[in-house]
Amino acid sequence: MPPYCKIINFSPSSLSWLQCMILDATKASSNTNQWKVVTKYYKAEVTLKILDHEDVISDDTEAVVFCCDTTKETLDRVEKIWHKIKECSPAVCLFVVETATDDVQDEKQSTRTQILDWCLSNQFELIECNEEDEDGDSDTEEQFDEKAGRIRIIQALKAHTWSNLELIEDEESEIKGDKENEDTVTLKNSLLLAAENLGEDPSFEDLFSQISKMKDISNNLPDEGRRAYAEKVALAFYKSIGVDSE
């Protein structure tokens, strides 16, 4: 079963923008979707689930994204829900708000410092969506430098080592191994053919008459085969003039 990433909505706003951004889609079909994560280094399949905070139950999840407004009431709800699910020990914990400030005009609002204190105490990362990253590269979520704003959500999720990930390097190594095996077979076949062309104990005259042919054979061998063939030709010449090869 694919691991879960749960996006929990504590705000009155729709999270379709976040769902579509993660899935790289114009429209999401439901609140539960399979996210095929592909990076330069691995691929994985993750169950992406959007929940209202009232529907949260305590079960295994590898990542949680709390989408919140900045009211004190929401911060209280976040505390209660986190108490319910923190035993699952999700590796990725994100606290997402549109913006936060210490210059609040309404006593019902939490300050940025209060939200950040809660995040630090509970090992969450605070992400403010209105922050813009200076790098506009569409592949920034796969780079090593930490990004800001909405793109940071994807970057943080892709940085996680999902329990079912498959390293792309493994596939490349497999292809490389198959290619090396093919090269080995080709080399053996080429050397056998070259040996047949030399014959058994050829005379100096026979060898000399085949120099042009031997050159053509050598040119068609891989580097390793060319060296082995050259050694075999040299030994054949030594024997033909009665010189001990040792």
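## How much is tucked away

Of this chain's 246 residues, 37% count as buried; buried means under 20% relative accessible area, exposed means over 50%, and partly exposed is in between (1.4 Å probe, protein chains only). The chain exposes about 15400 Å², with carbon and sulfur atoms supplying 48% of that; accessible areas come from the Shrake-Rupley method with a 1.4 Å probe, and for residues only the protein chains shown count as cover.

Keep in mind that this is a predicted model: local features need pLDDT of at least 70, side-chain atom pairs count only at pLDDT 80 or more, and totals for chains, interfaces and linings use all residues. Residues are numbered from 1 along each chain as its sequence is written, and side-chain values use heavy atoms, leaving out hydrogens and water.

## The overall build

You'll find eight helices and seven strands in the chain. These are DSSP runs numbered from the N terminus: helices are H or I with at least four residues, strands are E with at least two. Take the contacts (heavy atoms within 4.5 Å) between residues at least 6 apart in sequence: 69% of them join residues at least 24 apart.

Helix α2 (residues 72-85) has 14 residues and spans 20 Å from its first C-alpha to its last, close to the 20 Å expected at 1.5 Å a residue. That expected span is 1.5 Å times one less than the number of residues. Its buried residues are T74, L75, V78, I81, W82 and I85. Seen down the axis of α2, they fall within an arc of 125°, so they line one face of the helix; the arc is that of the directions from the helix axis to the C-beta atoms. On the other side of α2, K80 and H83 are exposed. The cover over the buried residues of α2 includes β1 (4-9), β4 (63-67), β5 (92-97) and α3 (112-121).

Helix α4 (residues 151-158) is largely enclosed by the rest of the structure, because seven of its eight residues are buried.

## Cysteines without partners

A search of the whole structure turns up zero disulfides; a disulfide here is a pair of cysteine sulfur atoms within 2.5 Å. For C129, the nearest cysteine sulfur is that of C67, 7.3 Å away. C129 is buried, at 8% relative accessible area.

Most residues other than glycine have a negative phi. S89, in the loop between α2 and β5, has a positive phi near 50°. Q123, in the loop between α3 and β6 (125-128), has a positive phi near 60°. S89 is exposed at 57% relative accessibility, and Q123 is exposed at 69%.
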